[in-house]
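Let's take a friendly walk through a protein model together. Keep the picture in view while you read, and look up each residue as it is named.

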Amino acid sequence: MSVIKLLPDSVANQIAAGEVVQRPSSVVKELLENSVDSGAKTIRLIIKDAGKTLIHVLDDGIGMNKDDLKKCFFRHTTSKIRNSKDLYSLKTMGFRGEALSSIASVSHMSIISNQENTKSLGYEIKLEGGEEKLFEYLGKSISYPQMAKEAGVKGKVYVQFVVEKNGAITDIKIIRGIGSGCDEEAKKAVKNMPKWEPGEQRGKPVRVRFVLPVNFSLR
Ligand SMILES: Nc1ncnc2c1ncn2[C@@H]1O[C@H](COP(=O)(O)OP(=O)(O)OP(=O)(O)O)[C@@H](O)[C@H]1O
Ligand SMILES: [Mg+2]
């Protein structure tokens, strides 16, 4: 039986994100490096709640056109190198083409940009990494138990869990299950979920209890 599986892009990106984005300051570093690389003369940085609510970087560098904006958040897309030889003559701060894709996979990101001498007012691209990615992750990491498939069992498993102050997931419980292995499968997927952004009350991290419906449907 083959046991090796290709990770879906969304999960690979979240793993890579753990390397690039350890804390909000890593996001600030990556975005400021991009601004410096873009040749900006003025860079403005706006931060709310130590970067947990908002990190806003404005620069007057070269900017991106519509096509660049569509490409910039894919993994390994960069304007800074073309081949391995370029690695020996690097003058830029970034080159791996991973920062924006990593940040996008764990945040709600919006980029507005324009270039000089264009008639357009500029373009905006919005990426909702958070919840959408969570459901994508669940969809891809859960497999339908054979037993449930054969018995035609379908429906929603409600998994309750707590996101601790440090973002870790604890106290996983099935509050309504459908049996035939589905409950265990849903619990396992929640247990292996990437760390969450901890909840907040008046700027302070708090424990938050969540209930997540995991849908098992036969196609
Ligand atoms: N502020 C910016 N102004 C203009 N172009 C930008 C800006 N930020 C990003 N870009 C473009 O998007 C591309 C992707 O950025 P990203 O930070 O993901 O990768 P990188 O800087 O090439 O490499 P690294 O992952 O090492 O930072 C950049 O190569 C650049 O072309
Ligand atoms: Mg960069």
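## Around the ligand

By class, the shell around ligand 1 holds six nonpolar, ten polar and five charged residues. Here Ala, Val, Leu, Ile, Met, Phe, Trp, Tyr, Cys and Pro count as nonpolar, Asp, Glu, Lys and Arg as charged, and the others, Gly among them, as polar. Before we go on, please note that this is a predicted model, in which local features need pLDDT of at least 70 and side-chain atom pairs count only at pLDDT 80 or more, while totals for chains, interfaces and linings use all residues. Residues are numbered from 1 along each chain as its sequence is written, and chains are lettered from A and ligands numbered from 1 in the order in which they are written.

Which of the 21 residues around ligand 1 come nearest? They are Asn 34, Thr 78, Ser 79, Gly 94 and Ala 99. A residue is near a molecule or strand if its C-beta atom, placed from the backbone, lies within 6 Å of it. Helix 2 (24–37) and helix 4 (99–105) each supply at least two residues of this shell, and helix 2 gives the most, with three residues. Helices (H or I, at least four residues) and strands (E, at least two) are DSSP runs, numbered from the N terminus.

Let's look at helix 2 itself. Helix 2 has 14 residues and reaches 20 Å from its first C-alpha to its last, close to the 20 Å expected at 1.5 Å a residue. That expected span is 1.5 Å times one less than the number of residues in the helix. The buried residues of helix 2 are Val 27, Glu 30, Leu 31, Asn 34 and Ser 35. Seen down the axis of helix 2, these buried residues fall within an arc of 140 degrees, so they line one face of the helix. The arc is that of the directions from the helix axis to the C-beta atoms. An α-helix has 3.6 residues a turn, so residues three or four places apart point the same way. A residue is called buried if 20 or more other C-beta atoms lie within 10 Å of its own, exposed if 12 or fewer, and partly exposed in between, with C-beta atoms placed from the backbone. After helix 2 comes Gly 39, whose phi is positive, near 80 degrees.

Now find helix 7 (residues 182–191). Its buried residues are Cys 182, Asp 183, Ala 186, Ala 189 and Val 190. Seen down the axis of helix 7, they fall within an arc of 130 degrees, so they too line one face of their helix.

Three of them form an open sheet in the order 6-5-9, with antiparallel pairing. Strand 6 and strand 9 stand at the edges, each with a single partner strand, so one side of each is left without a neighbour in the sheet. From one strand to the next, the twist averages 25 degrees. Two strands pair if DSSP finds at least two bridges between them. Nine bridges join strand 5 (residues 155–163) to strand 9 (residues 208–216); within this pairing, Val 159 has Leu 212 as its bridge partner, and Val 163 stands opposite Val 208. On strand 6 (residues 169–176), strand 5 finds its partner over five bridges, and there Gln 160 is bridged to Lys 173.

Strand 5 and strand 6 form a hairpin with five residues between them, and Gly 167 in the turn has a positive phi of about 90 degrees. Ala 168 sits in the loop between these two strands. Why does Ala 168 count as exposed? Because Ala 168 has 11 other C-beta atoms within 10 Å.

Six bridges link strand 1 to strand 2 (residues 54–59) in the antiparallel sense, and Ile 47 has Ile 55 as its bridge partner in strand 2. Strand 1 (residues 43–48) is hardly covered, as the count of buried residues among its six residues is zero.

Finally, look at some backbone angles. Most residues other than glycine have a negative phi. Ala 50, in the loop between strand 1 and strand 2, has a positive phi of about 55 degrees although it is not a glycine. Asn 117, in the loop between strand 3 (108–113) and strand 4 (123–128), also has a positive phi, near 55 degrees. With 4 C-beta neighbours inside 10 Å, Asn 117 counts as exposed.

Notes:
Axes fitted to C-alpha atoms, helices over the stretch in contact; angles between N-to-C directions.
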